[in-house]
Amino acid sequence: MPDEKPVRAAKMTKAGYVRPIDFKNGRVEMTHGGGGRMMMQLIDTLFLTAFDNDILRQMNDQACFCVPAGRMVMSTDSHVVSPLFFPGGDIGSLSVHGTLNDVAMSGARPLYLSASFILEEGFPLADLKRIVESMAQTAQYAGISIITGDTKVVEQGKGDGVFITTTGVGIVPDGIDISAERAKPGDKILVSGTLGDHGIAILSLRENLTFHTTIQSDTAALHELVAAMVHAVPTIHVLRDPTRGGLATTLNEIAQQSGVGMMLYESKLPIREQVRAACEFLGFDPLYIANEGKLVAICPPEAADALLQAMRAHPLGSDAAIIGEVIEDPHHFVQMETSFGGQRVVDWLSGEQLPRIC
Amino acid sequence: MKYIDEFRDGALAKKIAANIAREVNSHRHYHLMEFCGGHTHAISRYGIPALLPDNVRMIHGPGCPVCVLPVGRIENAIQLAQQPEVILCSYGDMLRVPTNHGISLLKIKAQGADVRMVYSTADAIRIAQQNPRRQVVLLAIGFETTTPPTAIAIKQAQALGLNNFSVFCNHVLTPSAISHILQSPEIRQLGWVPLDGFIGPAHVSTIIGSQPYEYFAEEFQKPVVIAGFEPLDVMQAILMLIRQINQGRAEVENEFTRAVTREGNLKAQHLVAEVFELRRLFEWRGLGWVPYSALQIKVAFADFDAEKRFHIPALSIADHKACECGAILRGIKQPQDCKIFGTVCTPDNPIGSCMVSSEGACAAYYSYGRFRRTA
């Protein structure tokens, strides 16, 4: 009997066997960010598998790639969103789109992304897998590679599940000069589609707001729309995606940077009926609600129609509209002619939008 | 959007604007006070002043619920929320109102106090049920519109036997505020503040009816037109007021007939009367101590009265010295008359309550109307 033991043990040990990560019931542990074997395993079986590409597979501390001649742009964005999964997307797709779009708003063709994760101890690995796979799918769909990354784990209670920071680089085509300080009096202001969809989709899931909506987040990669736009109208002056703070905040930023004023026409603003209704009963203004798949374009007046046509020809710009124009104003106010026939200032958002009482 | 777009029709607005322009007497001025913050908000948001002749001036009244709550009561709420066992539930725009030290519910929330934004009193009841070991206090503010839901919450809490729920009651009454303004020496004796008529509250009137305003029309000879919160309602009410003034009438007229009757909502009134009683004296920001202008919880429901449960002290704290909220709330000054308006006091860093809610005169003026001053 005693000499049977080692024989059985030998049979059970497979050379090179590592217990697979339990992506069904497992949770993020401190060791997943500790730099040891468990971290390596997580990187190998999750991140590397999902994001797989030649540069990433070299497994260096940095990504090495060749750059074409010309001007490059770089942008970084941290993504925190609650809830992590929402109608129309999740933090994974959002983190790819967000940075991609920031790169694209220079008129650039995005090339590569980096992705950095801060995970909270105890976060379900199944959710992490879902998020990472969503990122991979989104990047693949957008035709861009995630070529370097990082993972850190923080103790329970010190994070909100997962935070993702992505950085992107891209190349600006020759002859394109798009910048937020280039808006000029007389220029036309365009948006690529309906406003406020993302913010309302997110709000509808917040714990203290129990309302149901069919609205989906508009999260989308805009670089192809941008490519079509700069192809049709290389003289576009400004592009920007109105994310946090909504259209109102974005236009105020541009007005400030360009030293101009703006006049919007409320009747021209594309806003879905459901978004208007939700804003109506929550006491919000759709102009301040976040978008994740829309852009604002400012171009010389003579090019506005051509630009509008180019935008409408693209699926992500089918609801595009000319919504106003740039005017001279020493105070840099963004104003609006209301559908009602009055006029008002569309100011910066102060603090968070809070619902009114009456 | 059905039932909304009809009341925001730009073409109709132009017609009413043309009527107003035709009917005003160019030799006089018309000073009209919209009592309610809801009207102030609509006037700013839809840019109504741009549609009015220069001699028609709107004065923003004290009907903004967060604006009239005095600093002492905010201090009380903050002290309550700082007690570790307390979860303080508050409506949204109350969170940012600062005390004299610049502290607000939002700021103490950032420091760890458990302050929750609720959309309705039902949310507060739910939070109390979910947290049986914590004391859940509803910071109840507002005029007659928000009072019935608070009454319901108290009755619900009683029916559910919730011993961890109470209400810090700050409900105030519209008619007493209006009569206080009309009786103020600036208006009645000195005539400093010309006041030719009132746009009467919309939602408040759905509860109390149009009858309570009849006294003002008769006693003070001021016309009142009750109006809905949509911009066309406001335009139509202004036209009706101008007609009354031109014809020398001082009557209560009801533009908001789709929701307001003379008697109001009797069921809601009975509910309020069952749970609340008149407070002998209550301090208003801007108006000072106004007798019989607020409600307190009746003894029968004392178990749910946070003032009793937590022995909340009576604090009376003066407004920030430079802040003109008081005079603005009484119609004596306009936001741009205040020295700190738009400089020290902005929506990002409000000093006075009028700069907080978009219903507040200063915030509304700052956010929506500044270009008129600088144009």
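**Close-up 1. Helix 7 and helix 10 of chain A pack against each other in this predicted model.** Helix 7 covers residues 223–232 of chain A, and helix 10 covers residues 304–312. Their axes come within 9 Å and cross at roughly 150°. Angles over 145 degrees count as roughly antiparallel, so helix 7 of chain A is roughly antiparallel to helix 10 of chain A. The crossing is right-handed. From helix 7 of chain A, the residues in contact are A:Leu225, A:Ala228, A:Met229 and A:Ala232. They meet A:Leu307, A:Ala310 and A:Met311 in helix 10 of chain A.

Close-up 2. A:Pro83 sits in a loop of chain A.

**Close-up 3. A:His332 has a positive phi in a loop of chain A.** The phi value is near 60°, and the residue is not a glycine. The loop lies between strand 11 (321–327) and strand 12 (334–337) of chain A. A:His332 has a relative accessibility of 22%, so it counts as partly exposed.

**Close-up 4. Strand 10 and strand 11 of chain B form a hairpin.** Strand 10 spans residues 276–284 of chain B, and strand 11 spans residues 288–297. The two pair in the antiparallel sense over 8 bridges. One of the bridge pairs joins B:Glu283 to B:Trp289 in strand 11 of chain B. Between the strands lie 3 residues. B:Gly286 in this hairpin takes a positive phi near 95°.

**Close-up 5. B:Tyr292 has a positive phi within strand 11 of chain B.** Its phi is about 50°, although B:Tyr292 is not a glycine. At 47% relative accessibility, B:Tyr292 counts as partly exposed.

**Close-up 6. B:Glu307 makes a side-chain polar contact with B:Arg279.** B:Glu307 belongs to helix 14 of chain B, residues 306–309. Its relative accessibility is 18%. Buried means under 20%, so B:Glu307 counts as buried. The polar contact between the side chains of B:Glu307 and B:Arg279 is 2.8 Å. Leaving aside residues up to four places away in sequence, B:Glu307 touches B:Arg73, B:Val167, B:Phe168, B:Cys169, B:Arg279 and B:Ile312.

Terms used
Residues numbered from 1 in each chain as written. Chains lettered and ligands numbered in written order. Predicted model: local features only at pLDDT ≥ 70, side-chain atom pairs only at ≥ 80, totals over all residues. Heavy atoms only, no water. Pairing = 2+ DSSP bridges. Helix = DSSP H or I, 4+ residues; strand = E, 2+ residues; numbered from the N terminus. Buried < 20%, exposed > 50% of the residue type's maximum accessible area, 1.4 Å probe, protein only. Polar contact = N/O pair within 3.5 Å; in protein donor to acceptor, adjacent residues only side chain to side chain. Contact = heavy atoms within 4.5 Å. Axes fitted to C-alpha atoms, helices over the stretch in contact; angles between N-to-C directions. Parallel < 35°, antiparallel > 145°, perpendicular 65-115°, else oblique. Left-handed = near helix turned anticlockwise from the far one by under 90°.
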